[in-house]
Every structure is written in C-alpha cells, then in structure tokens.
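Me: I have a model open and would like a close look at one part of one chain. Could you start there and then work outwards to the rest?

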Amino acid sequence: MRLSNTKSLNELAKTIRTEHKKVQTAILVCAGTGCLANGSLEVAKSLEKTIKRRKLDVKLHLAVKKTGCHGFCEKGPLVVIQPGEIFYKGVTPADVKEIVERTLLKGEIVERLLYKDPATKQRIEKYSSIPFYSKQQRIALRNIGKIVPGDIEDYIAHDGYQALAKVLDGMAPGDVIESITTSGLRGRGGGGFPTGRKWRTCANAKSNGDGDDTIRYVLCNADEGDPGAFMDRSICEGDPHAVIEGMIIGAYAVGAHEGYIYVRDEYPLAVQHLGLALNQARQRGLLGEDILGSGFSYDIHIARGGGAFVCGESSALMKSVAGEVGEPRAKYVHSVIRGLHDCPTVLNNVETWANVPWILLNGADAFAALGTPKSTGTKAFSLVGKVKNTGLVEVPMGITLREIIYDIGGGIIRDRPFKGVQTGGPSGGCLPESKLDLPVDFDSLTEVGSMMGSGGMIVMDDRTCMVDVARYFLKFLVDESCGKCVPCREGVYQLWQILEDVCHGEGRPGDLEKIEELSKVIVDASLCALGKSAPNPVLSTIKYFREEYEAHISAHKCQAGVCKDLFTFVISEEACTGCGACLRACPVDCITGAKKKLHTIEIDKCTRCGACRNVCRFDAVEVV
Amino acid sequence: MTEKTINLEINGRAYQSREGKTILEAAREAGIQIPTLCHSDALEDVGACRLCVVEITHDDWKGWKGLVTACLYPVEEGLEVTTDNAEVQRARKTVLDLLLARCPTSDVIRRLAAEYGVTQTSYKPSDLKTTCILCGLCVRVCEAKGASAIGTAGRGIQKRIAIPFKQPPPDCIGCASCAHICPTNTIKFEDKDGVRKIWGHTFEMVRCTACGQPIMPEVQMEFEAKRSGLSPEYFTICPDCSQAKTVETLGKAFDLESAETRSSS
C-alpha cells in the first residue's frame, strides 16, 4: 500500500502497533553476521518449529524475530526474550526445548544460559543489567536487535519514517540543515567534519559550471574497510531503513533527487537487506516520486564496491560509482562542490545517516546534550582484539578508553597486562596505558596522534609486539594504496620494507630517523588522506613504544615474543609445575619432561609458534 | 566571457594570472621553472608524480602553510607561492629518491635525482626491473586520442600499465602517442620496412603518395578519418610533402598575383 501523506503513515503506524501488541512474548534471535556464523539461524528455525508444532503462537501469542546484531558477538548466538529482557547467550538448537518448556511455558529462567559476570561470578538475567550493555547509549544502533531488518512495518512501529514525516510536513530545507548544525553532528566516517556545514555548502553550491544548478547527489558511504571494524555493516544489516530515512532527509535538505549507497560486495547480508529495504520504501511511497505526497522526489540506487579500501575515500568512491577506476583526485575543490559527475554532492557514512532521523525526531538539543561540547552524541565502536567482551558498542562521546575497555569490554583476556589500543583503523594510531583515561572524542584522539576514524578499536596485551603491529598496518596500506601518487605507492612500501628488516633482526641504527623523515614527506606530499595518514601506525608506535623499536634494532630482541627471529622460549625453573600442558600443545614435539618435573624446550626444533606459552597457566614459558 | 584577473605572489614577487589557471601555468608564464614528470600541456593533470610540489600560504590562513601540487592547484587572489625552499626541496628529493629505488636504471630519473643531490637511492632498490614511473601519461594520451586502448591494472606497488588480458589491445590504432609521451622512454615501438610494431601488434603503414615514405598505420588513418570527418586521402601525404606542396601552391599563386600586378601597372 502506497502512503499518500503523513496522515496515512501515522494511521499505518497505529495499526501495526495494535497488531504488535497482540504478541505477548517476542523471542529476539540475533541474526547478525557473528551469530549467524555460530548457527543462530538453526536456533531460530528450531524455535519456530517447536512453537508451531505445539501451537504456542496461537495459545501464547509468541513471535520469533530474527533481528540484527545484538552486539555481544563474543557470546553468540544470542537470544533475548521480551518482555522481561531475559538474555540467553551461547544458545544452540539443543537448548530450544528447555527454553520453550521452562521459560516460555513456565516463566522460569534457564540459569546455565545466562551471562556470568566474570567480576562478581554472578549470573545476570536481564539484558540491561549486563555491564556490557548498561554503559552503552544507543542512538545509531537504537533499533538493532529489536526489529526485523527486512520488515518495514517493524521499523514503522518503532517510530520509523516519523522524522521524515515531520520534515516533509512543515520544515523548510534550511530548517533541517539548521537543526543538524545545532545538533553538532560530525561525520562518523573518520574525518569528523561538521555534517550541518557540509550540507549547507552543498545546498548553496553552484553546480558543475555548465549552468545546471539543479543536479545534486546525496550518497552513503558503506565501504567500511578497516580491519576489525563492523559498525556500518551491522547497521546496514540490522536497521537499513534508518540509513535510508536519514538519506531522504539529507536529500530534502540539500535539494537532491538521486543518490547511491556505496556498499562493499563482501557484505552480502548488508547488500541484501539494503536492497530489500529500498524496495519496501519505494512500494510504500517513502522513496521515489512524490514522497508521502509532498511533491519531493528522491531515489537511491545501490552501488556495490569491489573491496578496495581506497574506495572509502570520497573522491575515489565517487569515481567508482561513476564506473571509473576508483582512484582519488586532488580535492583542492571539495567534492561537496564538485563531486559525483562533477555535481555538488553530500557524502556521509552509514552511522552518520542513521543518527539523522533520531536528531530530527528528538530534537537537536537532545543530541547536543550528549557527549562533549565539540563531539556531541554517541559513537559506535567495534571492540575487538585481546578484550574479553568482543562486540559492537555505542557509547556517549567523551567516555574514557578505560571505561570502554574495562567496564564494557570486561578487561583483557586472561587478565593479562594491557599494552595498547589501536583506534581509527590503518590510518589511526596505537595509544599506551598512560592514555587510558583519555576521553574518546574527535579532537582528543587526534591530539595524541591517533584518530577516531570510523570506530575500530583493537585492544592489545603484553604479548603484542608494537613493531609487528605497525608492520601489519603498513602492509595493509601497501596492498591498498591505489598506486597513483609516488609518496604513497613507493614511500609506504619502503616504510614497510624498513619495518620488515627491523622485525627480522636486520634493522640498522638510524632506521628510526629514516622512518620519521620519510613519513614526513609521505604526510606532506601524498595526494589523498590514505597516504597522508598512512605513517600514523608507525609514527604513533615510535612515539609511545620507542624502546621496543630500539630493542629490535640494537639488541635484536622482541620482548613480546612475536618476531620469530628475535627471541627464544625457555621454561622457567621456578614457575614450571611439570603439568605437561605445553608438552601436549607443542605441534613439533620439541618439549620434553617427566610429570611434575621441569620441562625443557629443544631450541633448535622449536618453531616459536607460542602454543606452549598460550596454554601454560603458570606463565612458565618465558621469552628471552 | 572574460576571465577574472588574479593577483598572486610567487617567490616574493607580485604576478598576475587569470581565474582557472593552475599555479604551474602561472609560474611558467612568469618564467619560473617547476619540475614535472607527469604533466603535459595537452592533457588533464592528475598529480601523480608530486615533483611539482610548491609551498603555499595566504594572509587569511592564520599562518597555515603547506605543500600542494602546482599542476592542480588553481590560482587564487592573494595566494603566496614558494616554488623552492627547504621543505619543497626535501619533498622533491624524497620523491626522486623513491623513484630511483623503483627505476634504478632509468637515465631520466638518474639525471633528475642527481640534480637534487641523489646519486644513489637511500631505499631498497626494487626488483621490478622497470623504468616505468606510473605517471599515467600514456594512458591519458590514449584516452585523449579517443582510443582508450591501454589502462592500468592492479593497486599499490603492484600497479602497472596494462593491456587487456595481456593480449594486443584491440582498440590500439598504433599511433605510438604513448611511446612519444613517455618521459622515461619505457614504451617501445619499432618502425621498419613500412611496418610498425607496438603492444604486440604489427601494423601495415600507409605510404605517402608523393614520396613513398611510411606515414602512419592504416588502422590509425581510418580512425583519424572517421574521427575528423575528412577523407582518408587527406592523410595519405606525409607532412614533409604536404608542406612542399603547400609552398608550391602558394608560390604559384604569388607568381600569378605579381604577374597581374605587373600587367595592371
């Protein structure tokens, strides 16, 4: 049914809500990529089958909903039962019978499926009482985990398209821009450019100089490519309509009638859900010609990216959308003035767009009240690495790194010492323990040599070699540089070569100075932001972990036990209990020792894989 | 439409340029040399080699200054450009040092690098065995010519100038513009006995109807004729003979004219 005006949208919302109220118990099964990989679809199927067989849907008005990512990926597959917020983790099809019998029929809790807080050793029943969730504040992720992504009605029931209705019902385009400006929203893709200012520049821009001032584009960057980042992916998969609604509002504000979502083809579920959502929105008259009878028209196409990291850079993205080779151009004239097909173009990333409807609906001031004065609102992060609670989190800006890593993340795996946290993806930097109390906002992170980036956060423990980390990110950038300009193509490659030498014990005195010198030229003279920020991982690690580089270069030692040419393992006489765990774990049988006697490693046979060190509960395997 | 005059400063002296011009154009008009490798007056600039970096600042920029490529940066009112200082030198020197590591055997790069004091690269020499600096002039000229027969493939250090599926490119017209524009003479072609060999193709050449010298590949002639709308015969005379013919025609006309002048007086 096509909605011809905002009144019919409100009526539809009312009807759907009445319908939804009939459901007394909703079982929300996470169908985000992480849980899917762990078999959540089988859990959902099994639930549906059992419920149908026993006709519980009629008796108890049960509904199984396959939702987007709940965020606590570490513990998946996740199932939440509403009302009551009962949170079950690690659910398998074998648990379904018990869930149905006890929880659904008798209202009892299945203790063993509850989350156990490692700090208090207590089982926690409610979703919102789990520390991982209690410190979060969800705006961009507001619906994810609650609604069925492929169902526009579920989105509408959760205030979906209400912001668009409000905008079309009486706000002038200038008022919309003003509202976004007042909210203080800054681009969540990495640059942190004020969104309102970007929109205004586009709205006021003269077109490509051919006299046609009517063509403008509004695009969405869903080319998330940072290693370990999955915020935008989760939003596209779990709440595609939020992105679409945001884009329509943006298009109305700047006067665009066409747009693209540039999404990685490696995100099949995101591509599928976005496509589905676009079709649904079009059928309902929320997208396309004469949206909600307002006279305003705007349509969105999907452009699938081939997986080049550089295509996340605005000018390269626009070239790729236009069908050309995805290479950046010099942006002495910004893409907001001369963008796609040389027309004024607004490009924001997924998370930025998902914030827009919330701001319009709840007010710019409500958004500006969150976070810090210069970085308002919240930010989604994918918290990964050596942290206990891996997952997708959204927190108010200004929260400290310590709160994210220790309170939400639960601290370091096996309570090992914290060493560093990498933020901002390959263009970001690594921060040491002394920066743990730094507030997480755009400017603070930049000040200390890292960056917000799009929200990847990789936690590292004492067994991480920072030289190796820098080398890893440089290699990533060597492979992902488009190869157009010399400093990035040749310079980053040479930086990587130097680090390769250092990690193999072939570092020379003066290497650090050479790295710093070359880095400066790469930063100053590269064509695009990929090159300009490429030395960040190595510069920030030199800044905070210089002694580790020096140990590699002058002493040929890797204390972290990562660079295989620069250390050996020995078993400590004092610490070894002779339990035999290392002996069993060793894949090359180079450990010998009788039970309850000191074990020894045959150095010549050892491949330094670290399996012994990982299994030793007494920290007896030492790096020398 | 008259282009607006732009006042700017280059190396401390005031100059005038026009809106839409780049720093490189303004500087060259002022007789100031800026080195380039990937620039051609005939083609659109891309800013690949970064050799033309210059430092810019402006009274309104609160002390901000930075390096930009002269070939792309448009002149603006009040811009202050420095084409040669320590920062600029350092960037150019590093760029050439890096290019020398990539192409240790290229005479052009060796000569240019030496001008900036680099006789031996400070980086690890590449084992790519190439003299191609990936300036992309060949691809751009091929595109401008209308053939678009060659392109690039790969990314980063693996990037290369490529032909489709490593086969002789079907759209190549054998004009050899790519070889002529290549700043490091990497692209080779051979003209012998009325035949041109390039990119794996063997092209039969059209011979001049006057002197019999080979002029251009037949394929190129057909392409040029079609593109210009001129008759193919127009292209069957070589530039030398064409010039000689013009001189002859003009000479006759002049003779005739002077004869007429004489008779009327």
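Reply: Happy to. B:Glu25 sits in helix α1 of chain B, which covers residues 23–29. Please keep in mind that this is a predicted model. B:Glu25 counts as partly exposed, because 17 C-beta neighbours lie inside 10 Å, while a buried residue would need 20 or more.

Stepping back to the whole of chain B, the domain assignment gives domain 1 as residues 5–84 and domain 2 as residues 137–243. The centres of these two domains of chain B, taken over C-alpha atoms, are 33 Å apart. Where domain 1 and domain 2 of chain B touch, domain 1 contributes 5 residues and domain 2 contributes 6 residues. On the domain 1 side of that contact there are 3 nonpolar residues, 1 polar and 1 charged.

After α4(B) comes B:Gly146, with a positive phi near 100°.

Now for the neighbouring chain. In the interface, 28 residues of chain B are in contact with 25 residues of chain A. On the chain B side, the elements giving two or more residues are β4 (65–69) and α2 (86–102). Of these, α2(B) gives the most, with 8 residues. By residue type, the chain B side that touches chain A holds 17 nonpolar, 5 polar and 6 charged residues.

Chain A itself contains 25 helices and 19 strands. Its radius of gyration is 26 Å, close to the 25 Å that the globule rule gives for 624 residues, so chain A is as compact as a globular protein of that length. Along the principal axes, the C-alpha atoms of chain A fill a box of roughly 80 × 70 × 40 Å. Of the 624 residues in chain A, 54% count as buried. Among the contacts in chain A with a separation of 6 or more, 72% join residues 24 or more positions apart.

The domain assignment divides chain A into domain 1 (18–127), domain 2 (152–367), domain 3 (378–461), domain 4 (466–554) and domain 5 (568–623). The centres of domain 1 and domain 4 of chain A, over C-alpha atoms, are separated by 47 Å.

One helix pair in chain A deserves a look as well. Two packed helices are described by the angle between their axes and the distance between the axes. For helix α20 (residues 486–503) and helix α23 (residues 536–554) of chain A, the axes come within 11 Å and cross at roughly 35°. From α20(A), the residues A:Leu495, A:Leu499, A:Val502 and A:Cys503 meet A:Val538, A:Tyr549, A:His552 and A:Ile553 of α23(A). The residues in this contact between α20(A) and α23(A) divide into 7 nonpolar, 1 polar and no charged.

Note on methods. Residues are numbered from 1 along each chain as its sequence is written. Chains are lettered from A and ligands numbered from 1 in the order in which they are written. This is a predicted model: local features need pLDDT of at least 70, side-chain atom pairs count only at pLDDT 80 or more; totals for chains, interfaces and linings use all residues. Two residues are in contact if their C-beta atoms, placed from the backbone, lie within 7 Å. Helices (H or I, at least four residues) and strands (E, at least two) are DSSP runs, numbered from the N terminus. Ala, Val, Leu, Ile, Met, Phe, Trp, Tyr, Cys and Pro count as nonpolar, Asp, Glu, Lys and Arg as charged, and the others, Gly among them, as polar. Domain bounds come from an automatic or database domain assignment. A residue is buried if 20 or more other C-beta atoms lie within 10 Å of its own, exposed if 12 or fewer, and partly exposed in between; C-beta atoms are placed from the backbone. The radius of gyration is taken over C-alpha atoms; the globule rule is 2.2 Å times the number of residues to the power 0.38. Axes are lines fitted to C-alpha atoms, for helices over the stretch in contact, and angles run from 0 to 180 degrees between N-to-C directions.
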